[in-house]
Amino acid sequence: MDAKKTNIINKLNRLLNRQVALIAEDIDYLSYQTASISSDISAYDAYRMMTQSQPKWLKILFKMRDFLGRMVGIRTIKGFEQLSKNIPNVGDKVHFFNVIELEKDKLTLIIRDHHLDVCLHLRLIDDNDKQNKLYVITSVKNHNFIGKVYMAPVSVLHPFIVNRLLINLKAKK
């Protein structure tokens, strides 16, 4: 792992009390975005609100991803459908992810396949009486050439996509 990723992980560990969930110790991709949200929103509700509506361009990107991915054996994910307000359990599926950790202040989702593994980790930290700081941390471990090729465009687009989905939280206040 390069020095930049190591520095970011160390910073996140300090901010989040050494509780950052990553897909592996030696990761190939790391990204995090933050937003201030109301203190009455849980990590799961934040994820649900982020993904409940998406711009048309993101739906098109998911369709392109599924079409191209099928050619090289990457399973389709079909994007984000509406999620219920019912809170899932650890072990349940949320969209195309498996829930591996779920508390009011954290949600950890993973997906594993033979090309790459992905961990999406949402953490809430007290900011003040009325707001929390939400951290959306994504880590990826590539397993082969196809995983690396897949991540080339995703690594560029992913922060932009997450920042766009964070706008959904602001719209719901």
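Start by selecting Asp26: with a relative accessibility of 38%, this residue counts as partly exposed. Keep in mind as you click around that you are looking at a predicted model.

**Stop 1: the partner of Asp26.** Asp26 and Lys141 form a salt bridge, and their closest N and O atoms lie 3.8 Å apart. Follow the chain between them: Asp26 sits in the loop between helix 1 (3–15) and strand 1 (29–38), whereas Lys141 belongs to strand 6 (residues 131–142). The two are 115 residues apart, so this pair links distant parts of the chain. Lys141 is partly exposed, at 21% relative accessibility; the cut-off for buried is under 20%, which is why Lys141 does not count as buried.

**Stop 2: another Asp in that loop.** Select Asp28. Which residue does Asp28 form a salt bridge with? The partner is Lys141, with 3.8 Å between the closest N and O atoms. This pair also connects distant parts of the chain, from the loop between helix 1 and strand 1 to strand 6, 113 residues apart. Asp28 is partly exposed, with a relative accessible area of 31%. Show Asp26, Asp28 and Lys141 together and you have a network of salt bridges.

**Stop 3: Lys106 and Glu101.** Move on to Lys106. Is Lys106 buried or exposed? Its relative accessible area is 9%, so Lys106 is buried. Next, select Glu101, which is partly exposed at 24%. Lys106 and Glu101 form a salt bridge, their closest N and O atoms being 3.5 Å apart.

**Before you go.** How many salt bridges are counted in the model? The count is six, and the pairs on this tour include Asp26 with Lys141 and Lys106 with Glu101.

Note on methods: Residues are numbered from 1 along each chain as its sequence is written. This is a predicted model: local features need pLDDT of at least 70, side-chain atom pairs count only at pLDDT 80 or more; totals for chains, interfaces and linings use all residues. Side-chain values use heavy atoms; hydrogens and water are left out. A salt bridge is a side-chain nitrogen of Lys or Arg within 4 Å of a carboxyl oxygen of Asp or Glu. Helices (H or I, at least four residues) and strands (E, at least two) are DSSP runs, numbered from the N terminus. Buried means under 20% relative accessible area, exposed over 50%, partly exposed in between (1.4 Å probe, protein chains only).
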